[in-house]
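Here is a short note for a colleague opening this entry. Please read it with the model on screen.

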Amino acid sequence: MRHKLASGLLIASVIVWGIWCGGQVFNELMTVPIWSAAPPESLKVYAELPSRGGAPFFPLFNPLFVVLAIGSTLAAWKSARRSRKWLALSALIAVALFASLVFYLAPLVVSMFRHSVTGDLPASEIVAGVERWKLGNRIRLIVELFGFVCSAIALRVWSAEVASPDERTA
């Protein structure tokens, strides 16, 4: 039973890591260039765009990939040997990314949008804040991609570890 739970959580973790990373790559390539093109005016214009419809991607998937990374690590840990380092890396990276997003990147970008709309901060400070956010976001994206690779390796190595001898030779 524990193997099935661990297997399901590991598979779900890899899938959600992949969705999260795909969303982040899309965001970096398609959305960020639009609102960060010429701050503060581009942030103000972007903030005025209608935002009806769609699912709340960031609030939904950010905690989900963290919970799945930790849950799969805990569920698979007992039967893991060679995969422990990959399980641990995946979970630690997920937690670090969550913390960087919640405590630094999200507040910074929300603040830059707010100041752009209200006009209560000099444009040079908004530009500097946007550039800090873009650098931090790119670093986060690289770390996220590494976390995704770690989760995929963890699944592959753990699956090989727990496979019966008959399954290994098949």
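This is a predicted model: local features need pLDDT of at least 70, side-chain atom pairs count only at pLDDT 80 or more; totals for chains, interfaces and linings use all residues.

In which helix does S72 lie?

1. **Where S72 sits.** S72 lies in helix 3, which covers residues 57-77. Is S72 buried or exposed? Its relative accessibility is 2%, and buried means under 20%, so S72 counts as buried.

2. **What S72 touches.** Set aside the neighbours within four places in sequence. S72 is then in contact with L9, L10, S13 and L87. L87 belongs to helix 4 and takes part in the contact between helix 3 and helix 4.

3. **Helix 3 against helix 4.** Helix 4 spans residues 84-118. The axes of helix 3 and helix 4 come within 9 Å and cross at roughly 155 degrees. Angles over 145 degrees count as roughly antiparallel, so helix 3 is roughly antiparallel to helix 4. Their crossing is left-handed.

4. **Who makes that contact.** From helix 3, the residues include N62, P63, F65, V66, A69 and I70, and also S72, T73, A76 and W77. Helix 4 supplies residues including R84, L87, A88, S90, A91 and A94, along with V95, L97, F98, L101 and V102. By type, the residues of this contact divide into 16 nonpolar, four polar and one charged.

5. **The overall fold.** How many helices and strands does the protein have? There are six helices and zero strands. Along the sequence the pattern reads α-α-α-α-α-α. The radius of gyration is 20 Å, while the globule rule gives 15 Å for 170 residues. The protein is therefore more spread out than a compact globule. Its C-alpha trace spans about 65 × 30 × 20 Å along the principal axes.

6. Buried residues make up 39% of the 170 residues; S72 is one of the buried residues. Now take the contacts between residues at least 6 apart in sequence. Of these, 82% join residues at least 24 apart.

How values were computed: Residues are numbered from 1 along each chain as its sequence is written. Side-chain values use heavy atoms; hydrogens and water are left out. Helices (H or I, at least four residues) and strands (E, at least two) are DSSP runs, numbered from the N terminus. The radius of gyration is taken over C-alpha atoms; the globule rule is 2.2 Å times the number of residues to the power 0.38. Buried means under 20% relative accessible area, exposed over 50%, partly exposed in between (1.4 Å probe, protein chains only). Contact means heavy atoms within 4.5 Å. Axes are lines fitted to C-alpha atoms, for helices over the stretch in contact, and angles run from 0 to 180 degrees between N-to-C directions. Angles under 35 degrees count as roughly parallel, over 145 as roughly antiparallel, 65 to 115 as roughly perpendicular and the rest as oblique. A crossing is left-handed if the near helix is turned anticlockwise from the far one by less than a right angle, and right-handed if clockwise. Ala, Val, Leu, Ile, Met, Phe, Trp, Tyr, Cys and Pro count as nonpolar, Asp, Glu, Lys and Arg as charged, and the others, Gly among them, as polar.
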